[in-house]
Amino acid sequence: KVYTDYFFYEPAFNTHDGGYIPLEEPNVEQQKLKVPELLTPDKETDTDMYYTVISQDGEAQIMPGEATKTWGYNQALLGKTILFKRGKNIHVTVKNELPELTTYHWHGLNVPGDIDGGCHTPVYPGESKVLNFKCDQPAATLWLHAHPCPSTAEQVWHGLATAVVVKDEHEATLPIPRNYGVDDIPVILQDRRFHEDNQWDYKADYDPDGVQGPTAMINGTVNPYFDVTTQKVRLRLLDGANRREWRLHFSDDLEFTQIAGDGSLLTHPVKFTHLMITCAERQEIVVDFGQYKPGDEVALYSDDVPIMHFRIHEFAEDNSVIPDTLFEMNTPKVTENTPVRKVVMSGMDEEVALDGKKFDMERIDAKQTMGNCEIWEVTNTNDCENGMVHPFHMHGCQFEVLERDGHAPYPNETGLKDTIGVNPDETVRFKAWFDHPGVFMYHCHIIEHEDGGMMAQIQVDDPDHPQEFHLTKMDDL
Ligand code: C2O
Ligand code: CU
Ligand code: CU
């Protein structure tokens with residue numbers, strides 16, 4: 001079966017938002033897609049990996065003419081891809097060379113609250129700190145981004161976001177592309193407005209429902225092309241935009257296969273011609289260019305605007321078949337005693353709230369015991385005509401989606417997820433459990449909604465090792 005629709009509620013697509021800024025085809029020549037290099041470990045042993053991640057400012061040549069002033073990790077804009085191998089002890093020195101405080105949030109990583117990098121763990125200008133944790137979760141595409149309260153959106157807009165790839169032994173045995181940079185690439189989808197002299201101006205573009213720009217930027221490249229030299233290419237799609245959701249399809253309605261979501265492979269591959277991705281989600285797809293010949297060009301569109309081009313070169317025939325079963329879910333069982341937790345996302349623009357409240361760094365909104373599975377019921381109370389799809393995200397865990405309004409989830413919502421788009425007037429049910437203690441944020445991932453208070457925090461206690469958690473106060477920052 002090949003799915004040809006976007007699943008989400010059409011009246012809630014961002015194209016209907018009052019402040020919607022349509023994408024425009026950029027008036028610049030095609031440029032070679034920047035594929036971020038893999039970050040070189042400072043050291044790696046059989047058991048440990050050591051990295052240094054520096055937040056810095058810089059200038060990036062994105063448009064012809066003036067370079068754009070940007071922020072990034074270990075480079076001017078965005079960052080290098082950080083590879084974690086499952087089972088290894090990871091040591092990351094994070095260093096802040098920016099003029100203001102930042103945090104290092106590992107979106108999707110299963111780690112204790114003090115490593116997670118939410119707003120309680122600021123790193124001040126000139127400071128550094130070492131994060132030690134064990135990588136123990138399935139192969140997936142995660143990401144690193146800034147998360148200081150309440151300027152996450154602005155820092156991400158400046159460029160503080162990069163892909164994180166977890167590898168494991170199971171994924172390594174599957175017949176899917178994994179030659180990084182050649183047939184396996186991150187595709188970080190963002191949009192910007194270029195003002196005078198090619199500069200970005202977050203304040204000028206500010207919109208409480210999410211900042212957007214008319215120009216698609218992919219891995220920091222405007223109007224990119226990618227040289228296809230293998231029949232199959234794996235795209236690790238990451239919606240790194242502050243607000244924009246992307247409705248993706250190829251020229252010729254070329255079919256493609258989704259193999260992974262946020263936190264793991266899908267249980268089974270799913271074939272699509274059209275696919276919507278909401279803010280902060282990841283979708284890994286394998287595109288088979290077998291029907292094309294050298295010299296052909298295939299375009300990737302969002303709605304009706306081409307955002308990326310694939311130039312077909314000579315390639316060897318590839319008859320590999322993606323297996324029907326990619327991943328076994330091994331998640332806690334739900335019983336009649338499993339507690340149910342209700343969460344409500346409400347409002348638009350300045351009125352956004354979570355459970356009727358604005359985020360407060362000094363208030364714990366909920367508690368869950370480490371290891372205990374709970375059913376989370378997340379409702380979006382927007383109405384369909386005027387509302388939007390709010391992408392609900394949880395820190396510190398990966399969840400399993402059970403239902404959308406009593407119906408089966410969308411076919412590509414198998415496997416583990418940490419972010420899920422909730423339609424207006426819809427309730428999504430999933431089961432969630434935490435493997436580590438700490439204080440974790442949960443929020444809408446339209447980043448201006450998060451900064452605007454559509455966020456709360458949960459304290460996860462380890463009954464065997466009770467501990468006090470230090471909450472950073474806004475006034476102390
Ligand atoms: Cu992607 Cu609270 O973050
Ligand atoms: Cu996160
Ligand atoms: Cu929202």
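The domain assignment, which is automatic or taken from a database, divides the protein into the three parts listed here.

| Domain | Residues |
|---|---|
| domain 1 | 2-11 + 176-312 |
| domain 2 | 16-170 |
| domain 3 | 340-476 |

This is a predicted model, in which local features need pLDDT of at least 70 and side-chain atom pairs count only at pLDDT 80 or more, while totals for chains, interfaces and linings use all residues. Residues are numbered from 1 along each chain as its sequence is written, chains are lettered from A and ligands numbered from 1 in the order in which they are written, and side-chain values use heavy atoms, with hydrogens and water left out.

The centres of domain 1 and domain 3, taken over C-alpha atoms, are separated by 26 Å, and 33 residues of domain 1 are in contact (heavy atoms within 4.5 Å) with 29 residues of domain 3.

Four helices and 34 strands are found in the protein, where helices are DSSP runs of H or I with at least four residues and strands are runs of E with at least two. The radius of gyration, taken over C-alpha atoms, is 21 Å, close to the 23 Å that the globule rule (2.2 Å times the number of residues to the power 0.38) gives for 477 residues, so the protein is as compact as a globular protein of that length.

Of the 477 residues, 60% are buried, that is, under 20% relative accessible area with a 1.4 Å probe, counting protein chains only. Among contacts with a separation of 6 or more, 77% join residues 24 or more positions apart.

Note on methods
Buried < 20%, exposed > 50% of the residue type's maximum accessible area, 1.4 Å probe, protein only.
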